Amino acid sequence: MLGGKVAIVTGAGLGIGREEALALATHGARVLVNDLAPQDGGSDNAAETVRMIRGAGGEAVAFHEDVGSFDAGRRIVEAALDAFGRLDILVNNAGFARPASIAEMTEEEWHSVIAVHLTGHFATTRHAAPIFRDQRSGVIVNTASESGLGHLGMANYAAAKEGIVAFTKSVARELAQYGVRCNAIRPRALTNMGSEKLFETLTTSQDVLGFPIHGNRWVNLDEINPPAQVGQFVAWLCSDASRPANGETFFVGGGTVGLYSDPEIVRSMHDADGWTPQRLSEPAARAYLLDGVEDRYSGKAARREGVL
Ligand SMILES: NC(=O)c1ccc[n+]([C@@H]2O[C@H](COP(=O)([O-])OP(=O)(O)OC[C@H]3O[C@@H](n4cnc5c(N)ncnc54)[C@H](O)[C@@H]3O)[C@@H](O)[C@H]2O)c1
């Protein structure tokens, strides 16, 4: 399915990224496996992913780089060209979370999360784009999250992830004329970041609070699986079999795959003279605009203590 193609997967030393690299290699791609360099005598996870790919008869090289800067993106793209002489697929996956209440979030917690996700996606894509444009082909898969639809206690992560959706749709519009596609996934999988404990906390908290802690689908522990399914889905998304998908956002996790809609205006009023607070408060106008709108998040606020 991907024979002859060369792929980059960022954050491919563990979790979802590792499964994406394995799946891409199984389907014939040669893979640049990016992850952080081993720290404090820890294990070299990127090298381990490469060993796994080679052990299964595939081709891969490891490249250690922190994705969160413009120059890092350039070095990652250059490393793939140096290793394999071309580039066809870019899977932006690397990332981490720094949960914090918005009333207490530090500048570092904000900037580090924006850097690894949003800048990390921008930097590699920025340096792959001229190659894809000139060769008139290429596929980009970005990693968003259900958290982008709102996540209690992770405003930094949610903002970065929904920025990635906007980035994806914009890049798709821009590069489509060159035959390049750019889509995003909102995955769910058991990993270091998506730990069993985290999903249990989300489940308990949503039961107590009465609304989904993140996104608009309730977390159901039966749906939380290891990330192999995400890898298979992304391999498909990187292949011609997923045409014409471009600028789309998909759910993938626990045996379920799905396509997200774009937000739409669900009702509107027009007045050529414009609206004032007084006019918007007139009963008919107010009732029309706010029909069906309810206070979704404060109903059980009194029970929050000790939940998250
Ligand atoms: N697991 C889930 O349910 C879930 C849900 C939504 C989104 N995601 C997203 O999926 C992606 C992968 O997450 P995961 O669950 O596999 O997490 P993970 O922690 O298991 O793996 C993330 C990998 O990214 C690497 N990484 C972190 N910072 C990096 C950096 N600056 N440069 C290069 N590599 C870096 C880590 O070393 C690690 O190998 C992330 O973008 C995450 O936000 C995961």
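**Entry 1: charges over rings**

I began with arginine 279, whose charged end sits over the ring of tryptophan 275, 4.7 Å from its centre. I used this criterion: NZ of Lys or CZ of Arg is within 6 Å of the ring centre and within 35 degrees of the ring normal. I then looked up arginine 98, whose charged end sits over the ring of phenylalanine 96 at 4.2 Å from its centre.

**Entry 2: basis of the values**

I note that this is a predicted model, in which local features need pLDDT of at least 70 and side-chain atom pairs count only at pLDDT 80 or more, while totals for chains, interfaces and linings use all residues. Residues are numbered from 1 along each chain as its sequence is written, and side-chain values use heavy atoms, with hydrogens and water left out.

**Entry 3: surroundings of arginine 98**

I returned to arginine 98 and found its backbone oxygen 3.0 Å from a polar atom of the side chain of asparagine 156. I counted polar contacts as pairs of N or O atoms within 3.5 Å; within protein, one must be able to donate a hydrogen and the other to accept it, and residues adjacent in sequence count only if both atoms are side-chain atoms. Asparagine 156 belongs to helix α5. Helices (H or I, at least four residues) and strands (E, at least two) are DSSP runs, numbered from the N terminus. Is asparagine 156 buried or exposed? Asparagine 156 is buried, as its relative accessible area is 0%. The classes are buried under 20% relative accessible area, exposed over 50%, and partly exposed in between, with a 1.4 Å probe and protein chains only.

I also checked glutamate 108, which is 10 residues from arginine 98 in sequence and 9.5 Å from it in space, C-alpha to C-alpha. Glutamate 108 is in helix α4 and is partly exposed, with a relative accessible area of 49%.

**Entry 4: the ligand**

I looked up the shell around the ligand and found 29 residues, the closest being Ile16, Asp35, Asn93, Tyr157 and Thr191. By class, the shell has 13 nonpolar, 11 polar and 5 charged residues. Here Ala, Val, Leu, Ile, Met, Phe, Trp, Tyr, Cys and Pro count as nonpolar, Asp, Glu, Lys and Arg as charged, and the others, Gly among them, as polar.

A polar backbone atom of valine 67 is 3.1 Å from a nitrogen atom of the ligand. Oxygen atoms of the ligand lie 2.7 Å from a backbone N or O atom of asparagine 93 and 2.9 Å from a backbone N or O atom of alanine 189. How much of the 820 Å² that the ligand exposes when taken alone does the protein bury? The protein buries 92% of that area, by the Shrake-Rupley method with a 1.4 Å probe; for residues, only the protein chains shown count as cover. The elements giving two or more residues to the shell are α1 (15-26), β2 (30-35), α4 (107-135), α5 (155-175) and β6 (180-188).

**Entry 5: aromatic pairs**

I found 4 aromatic pairs in the structure. Rings of Phe, Tyr and Trp (its six-membered ring) pair if their centres lie within 6.5 Å; planes under 30 degrees apart count as stacked, over 60 as edge-to-face and the rest as tilted. Phenylalanine 233 and phenylalanine 250 form an edge-to-face pair, 5.5 Å centre to centre and with 65° between the planes. This pair links distant parts of the chain, 17 residues apart: phenylalanine 233 is in helix α7 (residues 228-237) and phenylalanine 250 in strand β7 (residues 249-253). Phenylalanine 233 counts as buried because its relative accessibility is 10%, and phenylalanine 250 counts as buried at 9%. Ring pairs join Phe233, Trp236 and Phe250 in a cluster.

**Entry 6: backbone geometry**

I checked the backbone with one expectation in mind: most residues other than glycine have a negative phi, and most peptide bonds are trans. Arginine 243 and proline 244 are joined by a cis peptide bond, with omega about 10°. Proline 244 lies in the loop between α7 and β7.

Aspartate 40, not a glycine, has a positive phi of about 50°. Aspartate 40 lies in the loop between β2 and α2 (45-55) and is exposed, with a relative accessible area of 83%. Arginine 136 also has a positive phi, near 60°. Arginine 136 is in the loop between α4 and β5 (138-143) and is exposed at 52%.

**Entry 7: serine 205**

The side chain of serine 205 reaches the backbone oxygen of threonine 201 at 2.7 Å. Serine 205 counts as buried, at 1% relative accessibility.

Methods:
A residue is near a molecule or strand if one of its heavy atoms lies within 4 Å of it.
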